[in-house]
Amino acid sequence: MEQTKSLQLLFVIFFVMGLVTTNVTLVAMSLFPLAYLLAAAATQRPVKLKVSRDVATSESHFTLSYQVENLASSLQLIYLKEAIPEALALNEQALNQANGTSVTMAAPLTQKRVFNHQHELVAKRGHFEFSDMEISVADFIGQVYHRENARDVQTVSKAPVAKHMGSIPLKSNKTFGFNGVVAAGKAGTGEAFFGLTQYQDQMSSRGINWRASAKHEELLLANEFEQDSNMNVGLIVDGRQHGHLHGSSELAKALATCLDNTLSLGLTMAKSLLNSGHRLGLLTLGQKMDYVYPNFGRRQLLKIEQALTKVEPSTGSEINLWALEHKPTMYFPNKANIVFISQLQPSDLPLLKGLKRAGYCITVIVPDPSGLVTGEHHEQIKALYHLARQNILDKFRQQGFYLINWQMEQSFNAFYHQKLLPALRLQRKMK
């Protein structure tokens with residue numbers, strides 16, 4: 001293409017200068033590039049192409065596989081170009097990848113042959129759509145004489161990674177009978193009939209089963225009910241990144257990793273809670289609020305995974321949390337257990353107070369991304385971050401909220417056994 005532009009420029013320069021100066025030699029010299037351009041145009045072949053693209057996903061990369069089939073005569077040169085989705089393009093540029101904004105290829109293509117080309121992109125969490133590809137055909141001097149757009153819409157996504165986590169012993173003011181995939185199987189103070197047991201003095205006389213007792217001369221039997229162990233759980237995952245956290249480029253990079261780890265923890269906890277038979281709803285806070293209605297089972301886990309995949313970070317200024325603070329039953333059932341995963345901002349204090357006032361049991365997990373900071377001054381950055389963080393978190397503790405600190409350099413398994421499990425057991429004993 002550059003060669004074609006040079007020839008065209010030479011022709012124009014010589015021809016215009018020859019006309020202006022009435023110099024026949026310059027006009028004659030302009031005929032040489034013109035003849036070359038006309039010769040190239042005379043060799044241009046008819047074009048009939050079949051273009052396809054396939055997108056494959058692995059743990060670390062998206063692989064774009066292009067296939068261009070020539071159904072007509074041999075072509076000197078074909079060009080293929082496709083714009084990368086903006087979020088992926090920014091990711092490629094951040095990693096200093098060449099041609100980070102588009103996929104490009106150029107190659108000759110003989111008759112009835114197929115050309116294959118692969119391009120790898122570093123995988124990033126989210127949904128991405130690939131659509132239009134631009135195909136250009138040029139002659140032997142690079143002069144483009146055919147251009148077309150091939151539309152092939154394909155969507156690729158990368159979800160947060162769900163790790164293994166044991167059962168989560170949440171405290172709740174209200175439980176209900178079995179509705180999930182895991183039966184309670186325990187006797188207790190529920191409403192569903194479980195079986196018969198021998199009557200004890202401390203039992204209520206209303207529980208005596210007189211019909212069953214009549215079959216035994218010396219045995220008095222009482223009804224036993226199944227323990228209501230399942231509960232409503234609302235999971236709130238906060239993707240907002242607050243202004244006071246952006247003190248350095250190293251911390252900004254740590255915050256990007258922090259969001260992905262936060263979403264992975266949310267998905268991991270959702271998987272554990274649903275496997276335990278609880279009814280789970282989800283609310284995500286990011287560039288917009290997204291809501292998954294409370295439900296049970298594998299389909300619910302898939303819906304939650306899709307919602308967490310779409311979360312994009314924001315400063316939080318676009319989100320109005322008035323309805324969640326004053327009318328929380330629009331999102332979660334009354335007296336449900338709320339698990340709030342957030343770095344917390346002073347403006348979140350009225351929200352948590354409103355949820356507590358409405359009768360919800362609240363578990364707050366506070367991610368600490370300072371351990372992910374690297375660089376020459378990481379110790380000073382961590383110290384400054386903790387100083388600002390402590391001032392904010394103390395306001396929540398003074399209002400009686402129990403905060404579970406999550407040091408994000410820890411593995412999920414270590415966090416579960418060393419922090420989460422002991423904290424939840426202690427929280428269940430607290431009034």
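What share of the 431 residues in the protein chain is buried? In this predicted model, buried residues account for 43% of the chain. The fold comprises 10 helices and 15 strands. Of the contacts between residues at least 6 apart in sequence, 72% join residues at least 24 apart. The chain exposes about 23400 Å². Carbon and sulfur atoms supply 52% of that area.

Nonpolar side chains tend to be buried together in soluble globular proteins. Here, the largest nonpolar core holds 36 residues. Those with the most contacts inside this core are Leu265, Met269, Ile304, Ile365 and Leu420. Seven named elements can be listed as giving two or more residues each: strand E10 (232-238), helix H5 (249-275), E11, helix H6 (297-309), strand E13 (337-341), strand E15 (403-407) and helix H10 (412-429). Helix H5 provides the largest share, with 9 residues. A second, separate core has 26 residues. Leu285, Phe332, Leu351 and Leu352 are among its members.

Isoleucine 365 illustrates the packing in the largest core. Neighbours within four places in sequence are left aside here. Isoleucine 365 then touches Leu265, Met269, Val339, Phe340, Ile341, Ser342, Ile404, Trp406, Phe415 and Leu420. Of these partners, Leu265, Met269 and Leu420 are also listed with the most contacts inside the core.

Glycine 286 was examined next. This residue sits in the loop between strand E11 (279-285) and strand E12 (289-295). Is glycine 286 buried or exposed? Its relative accessibility is 1%, so glycine 286 counts as buried. Beyond its neighbours within four places in sequence, glycine 286 contacts Gly239, Glu312, Ser314 and Ile319. Glycine 286 and aspartate 238 lie 48 residues apart in sequence. Their C-alpha atoms are 6.6 Å apart in space.

Side chains of opposite charge can pair when their charged atoms come close. How many salt bridges does a search of the whole structure find? The search gives 9. One of them joins aspartate 260 to arginine 125, with the closest N and O atoms 2.9 Å apart. This pair links distant parts of the chain, 135 residues apart. Aspartate 260 belongs to helix H5, whereas arginine 125 lies in the loop between strand E5 (114-122) and strand E6 (126-138). The two partners fall into separate accessibility classes. Aspartate 260 is partly exposed, because its relative accessibility is 31%. Arginine 125 has a relative accessible area of 7% and is therefore buried.

Aspartate 238 also takes part in a salt bridge. Its side chain meets that of arginine 240 at 2.7 Å, N to O. Both residues are buried. Another salt bridge connects aspartate 290 with lysine 310. The closest N and O atoms of this pair are 3.8 Å apart. Aspartate 290 is in strand E12, and lysine 310 is in the loop between H6 and helix H7 (322-326). The two are 20 residues apart, and the pair links distant parts of the chain. Lysine 310 is partly exposed, with a relative accessible area of 48%. Elsewhere, shared partners join Arg53, Glu82 and Asp152 into one salt-bridge network.

Aromatic pairs were also counted. The total is 5. The rings of tyrosine 291 and tyrosine 331 have centres 5.5 Å apart and planes at 85°, so this pair is edge-to-face. Tyrosine 291 lies in strand E12 and tyrosine 331 in the loop between H7 and E13, so the pair ties together parts 40 residues apart in sequence. Tyrosine 291 is partly exposed at 27% relative accessibility. Tyrosine 331 is buried at 15%.

Tyrosine 291 also pairs with phenylalanine 332. Their ring centres are 6.4 Å apart and their planes stand at 75°, so this pair is edge-to-face as well. Phenylalanine 332 lies in the loop between H7 and E13, 41 residues from tyrosine 291. Its relative accessibility is 1%, so phenylalanine 332 counts as buried. Phenylalanine 332 is also part of the second core. Tyr291, Tyr331 and Phe332 together form one aromatic cluster.

The cysteines complete the survey. The structure holds 0 disulfides. Cysteine 258 is buried, with a relative accessible area of 2%. Cysteine 361 is buried too, at 10%.

Definitions and conventions: Residues are numbered from 1 along each chain as its sequence is written. This is a predicted model: local features need pLDDT of at least 70, side-chain atom pairs count only at pLDDT 80 or more; totals for chains, interfaces and linings use all residues. Side-chain values use heavy atoms; hydrogens and water are left out. Helices (H or I, at least four residues) and strands (E, at least two) are DSSP runs, numbered from the N terminus. Buried means under 20% relative accessible area, exposed over 50%, partly exposed in between (1.4 Å probe, protein chains only). Contact means heavy atoms within 4.5 Å. Accessible areas come from the Shrake-Rupley method with a 1.4 Å probe; for residues, only the protein chains shown count as cover. A nonpolar core is a set of buried Ala, Val, Leu, Ile, Met, Phe, Trp, Tyr and Cys residues joined through side-chain atoms within 4.5 Å. A salt bridge is a side-chain nitrogen of Lys or Arg within 4 Å of a carboxyl oxygen of Asp or Glu. A disulfide is a pair of cysteine sulfur atoms within 2.5 Å. Rings of Phe, Tyr and Trp (its six-membered ring) pair if their centres lie within 6.5 Å; planes under 30 degrees apart count as stacked, over 60 as edge-to-face and the rest as tilted.
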